[in-house]
Amino acid sequence: MATRVAYISPSSLFCSVPSNQKAPRRRPISIAIRATSETPTSSSTSTATAKDDKKLEATLTPPPNFKPPKPQPFTVKPGKTLDILGASLALLFRLGTGVFVSGYSASFVSKDEIPPDQYALGAAGYKVKETSKLGPRPEKPIEIYEFESCPFCRKVREIVAVLDIDVLFYPCPKDGPTFRPKAIQLGGKRQFPYMVDPNTGTAMYESDDIIKYLVGKYGDGNVPLMLSLGLFTTLTAGFAMIGRAGKGSSYTPSRLPPKPLEIWSYEGSPFCKIVRETLVELELPHIQRSCARGSPKRQTLYEKAGHFQVPYLEDPNTGVQMFESADIVEYLRATYALQ
């Protein structure tokens, strides 16, 4: 059987926890997932893992003649209009939840009031000055096991955008061979989402409990209205996915990268959604740099790439950095899907 290697830091091996309780807090540890026909001895695990990583990294290269496309703001690639329209239904059903950061406010100012090296929308001599009110920042990314087409998972992804926190997502599509089994091993249940906070050693199921935990730890303690309406919240989160017909739920055979990919995105963007679907289907672990409207990370990306637009992909396994959702999807499939 071929070797699949992934480094994850799901922080600790937690015991099974009843759905209405939080997992006990334990000191985080790092583990490595390996799936091989032989079980390595403990003395050889570290060396074998390092060799496997180097070998796999050497085989991961961009598609032949690949060149990152130039960013084209507010442009839909030919043939992708229906995809974007379907993904945009979420904005209607969820009333824009996940588009704005907590405490968001905006005002029109003269373009002279905004330095030329600062990100801002603008037109006709004016620019939009955006601000937000953020809570404490987690030192390490929150870790979440989930999949794209799950309404309970969507609720958690929305609060991630509202709180503007970075998350290391471990995709758990149906029949996925790596992270779905690992999530079940860690938590003891076949249930998603499952969250691990390596900053506190906390782990838990139940989307509403996760939301309350995150706003209490990294926000102002208040759950946004559209995430506090119980069954109505869950139903509308489910309706939000109708336009994509289950995309992002089933596994596509792929190569598992040694390092997680990084994606600058946020839940309310339809362009980001179609990229997230592909990341989940290919079971590619990825760090999401959340950057909804009002996020200070918009300025960070602006300085990094000389332009702000999402989604923006950084692949440390190949060195590729690129904009444009449709091209990112093509790149991911060409690089990681098993032909």
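Helix axes are lines fitted to C-alpha atoms over the stretch in contact, and the angles between them run from 0 to 180 degrees between N-to-C directions. The structure described here is a predicted model. Two packed helices are described by the angle between their axes and the distance between the axes.

In these terms, the axes of helix α2 (residues 81–93) and helix α7 (residues 270–281) cross at roughly 110° and come within 8 Å. Angles of 65 to 115 degrees count as roughly perpendicular, and α2 is therefore roughly perpendicular to α7. On the α2 side, the contact is made by D83, I84, A87, S88 and L91. These residues meet P270, F271, K273 and I274 of α7. By class, the residues of this contact are six nonpolar, one polar and two charged.

Helix α3 contributes F152, K155, V156, I159 and L163 to the contact. From α5, the residues they meet are S207, D208, I210, I211, L214, V215 and Y218. The contact of α3 with α5 divides into nine nonpolar, one polar and two charged residues.

These helices belong to a chain with nine helices and 13 strands. The chain has 339 residues, of which 50% are buried. Contacts between residues at least 6 apart in sequence were also examined, and 74% of them join residues at least 24 apart.

Helix α9 (residues 325–336) consists of 12 residues. From its first C-alpha to its last, α9 reaches 16 Å, close to the 16 Å expected at 1.5 Å a residue. The helix is mostly covered, with nine of its 12 residues buried. The buried residues are S325, A326, D327, I328, V329, Y331, L332, T335 and Y336. Their cover includes the strands β10 (261–265), β12 (312–315) and β13 (320–322), together with helix α7.

The loop between β12 and β13 holds N317. A residue is buried when its relative accessible area is under 20%, and N317 counts as buried because its relative accessibility is 6%. N317 and P62 are 255 residues apart in sequence, while their C-alpha atoms are 9.6 Å apart in space.

In helix α4 (179–187), the buried residues are F179, K182, A183, I184, L186 and G187. R180 is also placed in α4, but with a relative accessibility of 22% it counts as partly exposed. Leaving aside neighbours within four places in sequence, the contacts of R180 are F147, C172, P173, K174, F192 and E283. R180 lies 10 residues along the chain from R190, and the C-alpha atoms of the two are separated by 8.3 Å. Just after α4, G188 takes a positive phi of about 85°.

F192, one of the residues in contact with R180, is joined to P193 by a cis peptide bond with omega near 5°. P193 is found in the loop between α4 and β8 (194–197). The peptide bond between V310 and P311 is likewise cis, and its omega is about 5°. P311 lies in the loop between α8 (297–305) and β12.

Positive phi values also occur in residues other than glycine. N65 has a phi near 60° and is placed in the loop between α1 (42–59) and α2. With a relative accessible area of 79%, N65 is exposed. For D164, phi is positive at about 60°, although the residue is not a glycine. D164 is placed in the loop between α3 and β7 (167–171). The relative accessible area of D164 is 2%, so this residue is buried.

Note on methods: Residues numbered from 1 in each chain as written. Predicted model: local features only at pLDDT ≥ 70, side-chain atom pairs only at ≥ 80, totals over all residues. Heavy atoms only, no water. Helix = DSSP H or I, 4+ residues; strand = E, 2+ residues; numbered from the N terminus. Parallel < 35°, antiparallel > 145°, perpendicular 65-115°, else oblique. Contact = heavy atoms within 4.5 Å. Nonpolar A, V, L, I, M, F, W, Y, C, P; charged D, E, K, R; others polar. Expected span 1.5 Å × (residues − 1). Buried < 20%, exposed > 50% of the residue type's maximum accessible area, 1.4 Å probe, protein only.
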